[in-house]
Amino acid sequence: FSRYRKPKTKRAKRFLEKREPKLKENTKNAMLIKGGNANLTVTEVLKDIYAVKKPFAVLYKKKNITRPFEDQTSLEFFSKKSDCSLFLFGSHNKKRPNNLIIGRMFDYHVLDMIELGIEKFVSLKDVKNSKCPEGTKPMLIFAGDVFDVNEEYRRLKSLLIDFFRGPTVPSIRLAGLEYVLHFTALDGKIYMRSYKVLLKKSGCKIPRIELEEMGPSLDLVMRRTHLASDDLYKLSLKQPKALKPKKKKNISHDVFGTTYGRIHMQKQDLAKLQTRKMKGLKKRPAEKAAEDGGVSPKKSKSG
């Protein structure tokens, strides 16, 4: 509807332009929603993940009575309203205590979501160490073969990368690598740990690296999943033609990575080929006259 509605002010025009499809996507925003019966643990988890995700996140403080696995209309409404393509929904009940649902949108419709149960939680304020500045881009580490073997865990890995990756940066400096998010999958559980990177003196050019636990820390277990079909998932990954690299002709690579190029040249007339000018190769007047079939231009001196 917004595409066909003409904006009346410059501010409205900028707002609509910001939401239009782009060749290069903006950094994905996440909405953190509290369910109708969220307890203190779930509320604290949402606050901590909001602190980690800021400024690319929106935290809804009011409770929203909805069940994403049964009805997704309210999530899609909030997604359009806040222009967010990622979401984290927290709830708590007797059947599924301390519940988190992490998911993402495609064209303002739920693409896939995974339900996780919180078994243990240590918040940011419980760890009395120094914290990273707001908006720090984290380094993501995944440990466990199940992230590459199991389809549900593989999709969860993709979802977590999408959620926490932050903005795309053109260059990296060593001092900026100060935040690590570590996910370990072991014995049916997912352990999320966050560390601050400390660069210590080592006596050489490369510093000695130490990790200091920063929080939040979560022990999670996978519950229900709602995964997109292969066709829809493939469609969501489709890139526009303008972003696809153009194929370069007549270029090949060998097994060692050496690049070879083939050049097509026109047929050359070797008779007109310019050679190096040397005094010894210069033709004498008599030779020139013999070639031309005429008389030498110089007159012979009379005796």
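Tutor: A salt bridge here is a side-chain nitrogen of Lys or Arg within 4 Å of a carboxyl oxygen of Asp or Glu. This is a predicted model, where local features need pLDDT of at least 70, side-chain atom pairs count only at pLDDT 80 or more, and totals for chains, interfaces and linings use all residues. Residues are numbered from 1 along each chain as its sequence is written, and side-chain values use heavy atoms, with hydrogens and water left out.

Student: Happy to start! What is the N to O distance in the salt bridge of E151 and R155?

Tutor: Both residues sit in helix α5 (residues 151-164), four residues apart, so about one helical turn separates them. Helices (H or I, at least four residues) and strands (E, at least two) are DSSP runs, numbered from the N terminus. The side chains of E151 and R155 meet with an N to O distance of 3.4 Å.

Student: Is R155 buried or exposed?

Tutor: Buried means under 20% relative accessible area, exposed over 50%, and partly exposed in between (1.4 Å probe, protein chains only). E151 has 37% and is therefore partly exposed. R155, at 5% relative accessibility, counts as buried.

Student: Which residue forms a salt bridge with R193?

Tutor: The closest N and O atoms of this pair are 2.8 Å apart. The bridge links distant parts of the chain, from strand β8 (residues 189-200) to strand β10, 26 residues apart.

Student: Nice. Over which ring does the charged end of R224 sit?

Tutor: R224 also meets E115 in a salt bridge (2.9 Å, N to O). That pair joins strand β5 (residues 109-122) to strand β10 (residues 217-226), 109 residues apart. A charge counts as over a ring if NZ of Lys or CZ of Arg is within 6 Å of the ring centre and within 35 degrees of the ring normal. At 4.4 Å from the centre, the charged end of R224 sits over the ring of F69.

Student: Why is the pair of Y60 and F78 called tilted?

Tutor: Rings of Phe, Tyr and Trp (its six-membered ring) pair if their centres lie within 6.5 Å; planes under 30 degrees apart count as stacked, over 60 as edge-to-face and the rest as tilted. The centres of Y60 and F78 are 4.9 Å apart. The pair is tilted because the planes of Y60 and F78 stand at 50°.
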